[in-house]
Amino acid sequence: MENRRDFLRKLSLATAGSMLSVNAMSAASYRKIVGANDRVRVACVGYSDRFRASHVPPFKALAKEMNFEMVAVSDIWKRRREEGKAFLEKQLGGTIKDYRNNDELYDSKSVDAVFISTADFQHAIHTIDAVKAGCDTYTEKPLAETMEDARAVLKAVKQSGKIVQIGSQRRSGANYHAAEEFIKSGKFGPITMVELMWNVNQPGRWRRPALVAQCKEEDLDWKRYLLNRPHEAFDPRKYLEYRLFWPYSSGIPGQWMSHQIDTVHWFSGLPHPRSAVANGGIYQWKDGRKNADTLTVVFDYGPLNDPTTGFQVSFASRFSNSAGGTKEIYYSNGGELNLDTNNISPTGGLTAREAAEMNMQANLLASGKLEGPRVETGANTGGDPLTFNHIKNWMECVRSRKTPNAPIEAGYQHSIATIMSNAAYRTGLRVTFDEKNQEVIAGTKVFKY
């Protein structure tokens, strides 16, 4: 029987161009559409803190009205399976069936849709498994941490015609939709610079020392956890604190930058950066981690066929001091659009007098306000209104079969930027993107691990 690694290798051979041409809805997918009165059976793939705190509350609030039911949990760790079953039965009522792995779950033919909130490097592969089993998915970001996985999941989802919502919840925020509309209307003028920032001072973020001490190899399927990553001996830190260790996670780029860089693609209509450079290191938390605790990435964006026009994007993040918090600020010659404050203003822009003196047409901004909630950036994002709206949009699209707010293409695009930033940091080289082969190039070589 073909193993998962061989399957992924075959999937990755096709270019993104052929992937995007695949019929959006196969005959098999049409046959799988649930009727308006049918109950949608949902399972949790990976009982994580994110699922418990941020996915369950919206689902609980919406399930009865939309006729959805949580029926199962799949997790390779015995402890998580038992906790997930008990928690879901208490919160949602009914009986939750627990499965040791996704093969058992899908062989049961008992689910129509799944929440995927497993380790970062597993999202793409678990999404492939789900859509091949005929399930719609809500897949947490980052979608993929390697281009091989990104190409494979894009192709699989496009062939399946299933509904896949990527967990980029900004795409369900009213203020972000207003910003997109304003920028694309031309009123803002051409983007000249974007500043992104995500600073925290949370020593325990991504650390689980107490749980690590309780995690034993005999209680979980370590081989299944590794999937297509290189084999290595069991390490509970790399299972529970995977965000600290490449190649299980890129850390800062995949966890945080992927959210903010997604808005750049959305607002600009550009599919990926033209180039990236990065610098950073482990400056504060000397705890054995391999991913940076401080990182700055600088991207060049613009038309792929015209290097004479475009704009710069800078992303900076540090774990040692939270001053500055988060920032998402778009600049034009006319002023700024600030998604941290939801303000549009002429701050820093060219004035009418300056334009007249230079005998040029200026794009003059008036002050305005973007309506919508701020993004939740704390460790516990339960109650986040953007996530609530995002899950509601996914549930509606499972019913209607309409394209969700954050479709598979959005995940593919943020994955390119994430992988480019990770490649730039790990190699110290200027990184570009090979459009023809859909590969990230560090210097002159394809970036792998």
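Q: Is Arg-237 buried or exposed in this predicted model?
A: Buried means under 20% relative accessible area, exposed over 50%, and partly exposed in between (1.4 Å probe, protein chains only). This is a predicted model: local features need pLDDT of at least 70, side-chain atom pairs count only at pLDDT 80 or more, and totals for chains, interfaces and linings use all residues. Residues are numbered from 1 along each chain as its sequence is written, and side-chain values use heavy atoms, with hydrogens and water left out. At a relative accessible area of 18%, Arg-237 is buried.

Q: How many residues apart are Arg-151 and Glu-439?
A: Their side chains form a salt bridge, with the closest N and O atoms 3.3 Å apart. The pair links distant parts of the chain, Arg-151 in helix α8 (residues 147–160) and Glu-439 in strand β16 (residues 439–442). Helices (H or I, at least four residues) and strands (E, at least two) are DSSP runs, numbered from the N terminus. The separation is 288 residues.

Q: What are the relative accessible areas of Arg-151 and Glu-439?
A: Arg-151 counts as buried, at 5%. Glu-439 is also buried, at 12%.

Q: Which helix holds both Lys-78 and Glu-82?
A: Their side chains meet in a salt bridge of 2.7 Å, N to O. Lys-78 is partly exposed at 38%, and Glu-82 is partly exposed at 44%. They lie four residues apart, about one turn, in helix α5 (residues 78–92).

Q: Why do the buried residues of α5 lie on the same side?
A: The buried residues are Arg-80, Arg-81, Gly-84 and Leu-88. They lie on the same side of α5 because their arc around the axis, taken from the directions from the helix axis to the C-beta atoms, is only 100°.

Q: Which elements do the buried residues of α5 pack against?
A: Contact means heavy atoms within 4.5 Å. The elements packed against are α4 (49–66), β2 (68–74), β3 (97–99), α10 (209–214) and α12 (236–240).

Note on methods. A salt bridge is a side-chain nitrogen of Lys or Arg within 4 Å of a carboxyl oxygen of Asp or Glu.
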